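User: Hi! Could you walk me through this structure before I set anything up?

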Amino acid sequence: MDKIIVALTSIGGIAFVYWFFLMKKEEEAVVVNASSIDITVKGGYSPNVISIPKGKKTVLNFIRKDSSSCLEEVVLGDFRIRRTLPLNKKIAVAVTPEKTGEFDYACGMNMFHGKIIVT
Ligand SMILES: [Cu+2]
């Protein structure tokens, strides 16, 4: 009986470590070296954290594959951009950041979030 408990505890521990690192990985920024990047909108934004250079124009191509109306608008407050995203269409949003830092963006209701890190 004791052995079973020990085994279950260690399995739980391993599962926790996996979960922890996978969750952390999700927050890791995708470094954009090209002049554009595709961001899939489906139950959130993927990739949800991107890193782009300051003073250079980068085009974010939002492709919405989620029919929920929650995600039909994207708001990049720091860049004063609000765009409607039709389903299955590529909507290009160009940003030329003048400041370094972290800039959050969200859906129209502020429920799903993404982040742009300017370096
Ligand atoms: Cu929403």
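Predicted model: local features only at pLDDT ≥ 70, side-chain atom pairs only at ≥ 80, totals over all residues.

Analyst: Happy to; we can go through the metal site, the core, the aromatic rings and the strands.

User: Great. Which residues coordinate the copper ion?

Analyst: Cys 70 and Cys 107 do, each through its SG atom, at 2.1 to 2.2 Å. The two come from distant parts of the chain, 37 residues apart. Cys 70 sits in the loop between strand S5 (58-64) and strand S6 (73-76), while Cys 107 belongs to strand S9 (residues 101-107).

User: And are those two cysteines buried or exposed?

Analyst: Cys 70 is buried, and Cys 107 is as well.

User: OK, on to packing. Which residues touch the most other members of the largest nonpolar core?

Analyst: Those are Tyr 45, Leu 60, Phe 62, Leu 76 and Ile 116, in a core of 24 residues.

User: Which elements give two or more residues to this core?

Analyst: The strands that do are S2 (36-41), S4 (49-52), S5, S6, S8 (90-95), S9 and S10 (113-118).

User: Can we zoom in on Leu 76? What is in contact with Leu 76, leaving aside neighbours within four places in sequence?

Analyst: The contacts of Leu 76 are Leu 60, Phe 62, Ile 81, Val 95, Tyr 105 and Ile 116.

User: Nice. Now the rings: how many aromatic pairs are there?

Analyst: The count comes to 4. One of the pairs is Tyr 45 with Tyr 105: the ring centres are 5.0 Å apart and the planes are at 65°, so this pair is edge-to-face. Planes over 60 degrees apart get that label.

User: Where in the chain do Tyr 45 and Tyr 105 sit?

Analyst: Tyr 45 is in strand S3 (residues 45-46) and Tyr 105 is in strand S9, so to speak from distant parts of the chain, 60 residues apart. Tyr 45 is buried, with a relative accessible area of 6%, and Tyr 105 is buried too, at 2% relative accessibility.

User: What about Phe 79 and Phe 103?

Analyst: They form another edge-to-face pair, with 5.5 Å from centre to centre and 65° between the planes. Phe 79 lies in the loop between S6 and strand S7 (81-84) and Phe 103 in strand S9, so the pair ties together parts 24 residues apart in sequence. Phe 103 counts as buried because its relative accessibility is 12%, and the cut-off for buried is under 20%.

User: Which rings are linked into a cluster?

Analyst: Tyr 45, Phe 62 and Tyr 105 are, through ring pairs.

User: Switching topic: why does Thr 58 count as buried?

Analyst: Its relative accessibility is 0%, so Thr 58 counts as buried. Thr 58 is found in strand S5. Neighbours within four places aside, Thr 58 is in contact with Val 32, Ser 35, Ile 52, Pro 53, Val 93, Ala 94 and Val 95.

User: Last topic, the strands. How do S4 and S10 pair?

Analyst: S4 and S10 are parallel, over 4 bridges. Ser 51 stands opposite Ile 117 in S10.

User: And S9 with S10, parallel or antiparallel?

Analyst: Antiparallel, with 6 bridges joining S9 to S10. Ala 106 has His 113 in S10 as its bridge partner. S9 and S10 form a hairpin with 5 residues between them, and Asn 110 in the turn has a positive phi of about 65°.

User: How many residues of S10 are buried?

Analyst: 5 of its 6 residues are, which leaves S10 mostly covered.

Technical notes. Residues numbered from 1 in each chain as written. Heavy atoms only, no water. Donors = N, O, S within 2.8 Å, 3.2 Å for Na, K, Ca; no water. Buried < 20%, exposed > 50% of the residue type's maximum accessible area, 1.4 Å probe, protein only. Core = buried A, V, L, I, M, F, W, Y, C linked by side-chain atoms within 4.5 Å. Contact = heavy atoms within 4.5 Å. Phe/Tyr/Trp six-rings, centres within 6.5 Å; stacked < 30°, edge-to-face > 60°. Pairing = 2+ DSSP bridges.
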